[in-house]
Amino acid sequence: MTDIKKSSILIIATDGFEQSELMVPRDKLKQAGAQVHVASPTGRSIRGWKHTDWGESVDVDLKIAEAKPEQYDALVIPGGQINPDKLRADHDAMSVVKSFLKDGKVVAAICHGPWLLVEADAVRGRTVTSYKSIKTDVVNAGGKWVDKEVVADKGIVTSRSPDDLDAFCSRIVEELEEGRHKRAA
């Protein structure tokens with residue numbers, strides 16, 4: 001079991017992340033007592049996407065390539081269309097995702113964020129949710145897609161959209177407190 005107040009959480013993102021899907025989990029997990037770091041491909045601040053236009057910039061703590069997954073208890077992947085599409089083609093980002101999955105750590109992805117789970121071949125045989133426009137991608141990758149605000153399957157937490165952020169954040173805390181999850185990578 002991992003006490004949220006003793007946990008370290010990594011958020012990976014790049015320009016084009018859905019504003020609320022990074023900021024709300026970052027802030028709620030910090031308020032719950034977790035240490036939270038944001039990593040980007042460049043290690044420089046990144047700019048969010050807010051509904052239909054560019055949003056605010058967010059400070060970044062480190063480069064994704066410098067992140068040491070063994071120092072973290074959970075990984076959070078915000079959505080938006082741009083962010084996960086870029087990250088799933090980024091070698092360092094995918095290495096981090098695969099490391100968390102292999103080690104049975106909590107991996108939480110919202111909206112289009114499950115694209116990284118598809119790329120990592122982590123949805124096969126699992127129940128997941130996502131933004132509806134990537135449902136076919138999830139199904140084609142062997143996942144069982146459901147239309148629910150939050151789904152957890154052996155430590156992999158998924159949600160559909162910003163409307164689900166409260167449930168998403170609560171489930172991350174719950175899954176962290178359960179500890180590591182046995183699953184095939």
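**Reading salt bridges in a predicted model**

Arg171 is partly exposed, with a relative accessibility of 22%.

Q: What does "partly exposed" mean in terms of relative accessible area?

A: Buried residues have under 20% relative accessible area, exposed residues over 50%, and partly exposed residues lie in between (1.4 Å probe, protein chains only). This is a predicted model, in which local features need pLDDT of at least 70 and side-chain atom pairs count only at pLDDT 80 or more, while totals for chains, interfaces and linings use all residues. Residues are numbered from 1 along each chain as its sequence is written, and side-chain values use heavy atoms, with hydrogens and water left out.

Q: With which residue does Glu174 form a salt bridge?

A: A salt bridge is a side-chain nitrogen of Lys or Arg within 4 Å of a carboxyl oxygen of Asp or Glu. Glu174 pairs with Arg171, their closest N and O atoms being 3.5 Å apart. The two residues are 3 residues apart in helix α6 (residues 165–178), which separates them by about one helical turn; a helix here is a DSSP run (H or I, at least four residues), numbered from the N terminus. Glu174 is partly exposed at 39%.

Q: How many salt bridges does a search of the whole structure find?

A: The search finds 8 salt bridges.

Q: Which residues are linked in a network of salt bridges?

A: The network links Asp147, Arg160 and Asp164. Between Arg160 and Asp164, the closest N and O atoms are 2.9 Å apart. Arg160 is partly exposed at 23%, whereas Asp164 is buried at 3%.
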